[in-house]
Amino acid sequence: MAKEICEKLTLVIVAFVLLSVQGVATAAGRKNLTDLEIRKQLRRLNKPAIKIIKSEDGDIIDCVDIYKQPAFDHPSLKNHTIQMRPSIYSGKNMSSSKPLEQLWHKSGSCPQGTIPIQRTQKKHLLGAISLDASQLESAKVSKDDQNKGGAGIVNVWNIHVEPGEFSKASIFVGRRDNFDLIDAGWIVSRSMFGDDATRLYGFWGTTPDHLGCYNLKCPGFVQVSQKIALGTVFTPTSVYGGLQKVFDLKIFKDKATSNWWLVVEGESVGYWPSSLFKNMADHADYIQWGGQVLNTAPGGSHTSTQMGSGHFPNGGFRKAAFFDKCVYFYTDDIVGMTPYNSKTKVSKPACYDVSDVSRLEGTPGVQFFYGGPGGPNCS
């Protein structure tokens, strides 16, 4: 019973962090913001840019001085010394596939000494999603065990998502006994981003009084990469029955500093300083891989928002979405361990499902398929 309560609290906090801190206002309050209030919030959220890149998808990328990024507005990071790279990570990719690109790369690059930050625009402040824990549906593989993070290869799709909802695929690391958590992966949500594109995201949470933040929308995450911008579009995505696109994703605790690093496609994007968390300075005790959907039951029926590829796991490769080479890190040396005795869990199997886990031969890790179409008749 205690475990189930913790899990529900974790789901609530994940959804709240993901959706509530894009603007400072509440969901109801954002729609009533005056133009003056919007301008004030935009000035506070967006740091002065050394270079501005306008992406063809409408995103604006601000190249901000690495020492003037939003992280250092956090009270615990006023005198923080940036860790420019992980202490022991090699940067080797888990996948042999051609790396995914972020769409803004076609329009330019940030100069040395700066980091790319997706500019917060008026449409981001006005986007609002309201939910409770009962609206969250998942199809996942998880393991309860002490860990220093985990990794996996994430299959990337662009799928149908209903207005006011989201669909995501991620790796989640956290504590069962409190609200400390880190979550990263890809997400589709028109309400949050103003379009239906597939985007990279990362966020953290801690105590109920300090819910943390999505991407760089509030102080906390320290970015070091000048190549990857959180919140921006992945391109291209997978084709049903055709070419499959994936990206490497790792979250791990640094042996020397206890900071929690985010690595995407072998690129060290940045880290969440250990000082942000109440009980994750040493380790986490829960990890999961999989998909999650917000179902607001539009019109009183189950949502048609899709998960994964929008197809059930039994479709197999090139039709169903998958996670591959899923490992967790038991020690500070960041050596991947196979998550033996992991559990599969699905909230509504007729809407979204997950396959049995398959162990890999000759290398640590597991793989599985997940997802589904949802739909008004599935539940």
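Student: How many bridges join β8 to strand β9?
Tutor: Strands are DSSP runs of E, at least two residues long and numbered from the N terminus, and two of them pair if DSSP finds at least two bridges between them. Strand β9 takes in residues 199–205 and runs antiparallel to β8. Tryptophan 186, for instance, stands opposite leucine 200 in β9. The bridges joining β8 to β9 number seven.

Student: What pLDDT does the chain average?
Tutor: This is a predicted model, in which local features need pLDDT of at least 70, side-chain atom pairs count only at pLDDT 80 or more, and totals for chains, interfaces and linings use all residues. Residues are numbered from 1 along each chain as its sequence is written, and side-chain values use heavy atoms, leaving out hydrogens and water. pLDDT is the predictor's confidence in each residue, from 0 to 100. At least 70 is reached by 85% of the residues, and the chain average is 87.

Student: Which residue is the bridge partner of serine 170 in β8?
Tutor: Strand β7, residues 167–174, pairs with β8 in the antiparallel sense over eight bridges. The two strands form a hairpin, with six residues between them. Across from serine 170, the bridge partner in β8 is glycine 185.

Student: Which strands are the edge strands of the open sheet?
Tutor: This sheet has seven strands with antiparallel pairing, in the order β10-β9-β8-β7-β16-β5-β19. An edge strand here pairs on one side only. That applies to β10 (213–214) and β19 (343–346).

Student: Is strand β8 largely enclosed or open, and how many of its residues are buried?
Tutor: Buried means under 20% relative accessible area, exposed means over 50%, and partly exposed lies in between (1.4 Å probe, protein chains only). Strand β8 spans residues 181–188, and it is largely enclosed by the rest of the structure because the number of its residues that are buried is eight of the eight.

Student: How far apart are the ring centres of phenylalanine 322 and phenylalanine 369?
Tutor: Rings of Phe, Tyr and Trp (its six-membered ring) pair if their centres lie within 6.5 Å; planes under 30 degrees apart count as stacked, over 60 as edge-to-face and the rest as tilted. Phenylalanine 322 in β17 and phenylalanine 369 in strand β22 (residues 366–371) link parts of the chain 47 residues apart. Phenylalanine 322 is buried at 10% relative accessible area, whereas phenylalanine 369, at 24%, counts as partly exposed. The pair is edge-to-face, with 75° between the planes and a centre-to-centre distance of 6.2 Å.

Methods: Helices (H or I, at least four residues) and strands (E, at least two) are DSSP runs, numbered from the N terminus.
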